[in-house]
Amino acid sequence: MGRRAHGEGSIYQRSDGRWCATVDLGWIDGKRRRKSVYGPTQAVVRARLVALRAQTDAGLPAPDDRLTVGGLLDIWLDHVQDTAVSPNTVAQHQWVVTKHLAPGLGHHRVTDLTPRHVTAFLASRAQQGYAKTSCVRFRTILGQALRLAEIEGWVQRNVAKLSDIPHIAVPEGRSMTADQAQRLLDAVRGERFEAVFVVMLTMGLRLGEATGLPWDSIDLDAHTLSVRQTIKREPGGLRIGGVKTPKSRRTLAIPTVTFEALRRRKTIQHKERLAAGPSWQDHGLVFTTTVGTPIDPKNLRREFNRITHDAGLGHWTPTELRHSAVSLLSAAGVPLEHIADVAGHDGTRMTGGIYRHVLAPVISHAAEPMDRLFGDAG
């Protein structure tokens with residue numbers, strides 16, 4: 001027979017070793033309702049009992065001990081379907097839930113989930129090779145689901161917020177040297193996608209910003225280019241949408257090498273439009289397929305890799321052109337705040353955090369004024 005804890009008539013230890021506590025919820029729908037909570041230790045059950053009493057005293061619904069994390073995630077995904085602005089957001093959340101959260105944590109009961117469970121799950125994903133940004137994303141989405149459970153009164157605390165992200169070394173991105181960049185410019189000359197690669201290298205545009213660039217955002221007379229939209233991949237295909245952040249909306253001066261590449265692009269597209277005839281689909285974009293539709297970024301990556309290999313540069317990706325733009329500006333002595341403006345970042349903190357590995361030339365310039373001030377101390 002189980003024994004009761006001293007001074008706690010409602011808390012007792014069962015014959016199987018687990019602890020249990022019961023609260024009388026009163027008469028509900030003509031029946032006397034009681035709610036039990038369980039735990040491995042007396043202290044755990046006492047804490048759960050206090051939380052349960054606080055809920056019932058406040059008129060909140062008692063948590064369902066049978067609800068699993070997997071069940072909660074299903075409920076939350078239904079909520080996301082109704083409230084999310086972008087279908088892409090829904091698809092990304094579904095992927096995280098289906099591939100990671102449900103297999104890793106779905107079997108736990110929501111009321112039994114602890115920060116230690118979440119931390120262990122994140123550590124397992126880190127050991128599998130997932131980046132820190134992915135682990136942060138997993139925890140954030142779990143936290144959003146648990147926030148819904150908090151609102152509904154199913155849990156008293158959001159254990160995702162109390163978990164720890166494992167230490168994961170962030171790999172440094174690569175950037176081209178000035179010599180490599182010149183070799184690339186020579187290699188892309190005359191290629192069909194020349195201009196898109198030149199724009200990314202010399203102006204630091206994101207891949208989606210470059211592929212989503214419309215002609216009405218380019219003023220060839222004033223030599224300016226305005227970033228206002230981007231190409232996004234969503235369920236069902238590519239979609240033209242808004243830029244990443246308000247700061248991403250920016251107007252940039254066009255370098256001469258880029259201006260000439262854009263002029264050549266205009267001529268090429270005019271010929272493609274005539275050749276396509278009635279098959280042409282006018283989206284107003286600068287970089288398109290031969291019938292005017294948006295370019296699939298996958299095709300650009302494949303083409304860029306071919307060009308860099310043929311030029312003897314090895315394997316490179318279009319995304320590394322943006323890193324290279326920041327690096328080249330930094331090496332030229334451009335102040336960090338100006339680089340942040342070009343990249344469309346919300347301040348220099350983001351630029352310094354993401355591209356710190358390519359900003360060393362700017363940081364090292366601090367030695368020059370110190371030498372002028374203090375000279376040779378030896």
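## Cavity report

The lining of the largest cavity divides into 3 nonpolar, no polar and 5 charged residues. Here Ala, Val, Leu, Ile, Met, Phe, Trp, Tyr, Cys and Pro count as nonpolar, Asp, Glu, Lys and Arg as charged, and the others, Gly among them, as polar.

This is a predicted model: local features need pLDDT of at least 70, side-chain atom pairs count only at pLDDT 80 or more, and totals for chains, interfaces and linings use all residues. Numbering runs from 1 along each chain as its sequence is written, and side-chain values use heavy atoms, with hydrogens and water left out.

The count comes to 1 cavity of 30 Å³ or more. A cavity is a set of points, on a 1 Å grid over the protein atoms alone, where a 1.4 Å probe fits but cannot get out; lining residues have an atom within 4 Å of a point. Points join across faces, edges and corners, and the volume is the space filled by probe spheres set on them.

The lining consists of Glu-191, Arg-192, Glu-194, Ala-195, Ala-261, Arg-264, Arg-265 and Ile-268. Two or more residues come from each of α7 (194–203) and α9 (256–276). α9 gives the most, with 4 residues. Helices (H or I, at least four residues) and strands (E, at least two) are DSSP runs, numbered from the N terminus.

| Item | Value |
|---|---|
| Largest cavity, volume | about 30 Å³ |

The chain has 15 helices and 9 strands.

Key:
1 Å grid on protein atoms, 1.4 Å probe; cavity = no way out; pocket = protein on both sides within 12 Å on 5 of 7 lines; lining within 4 Å.
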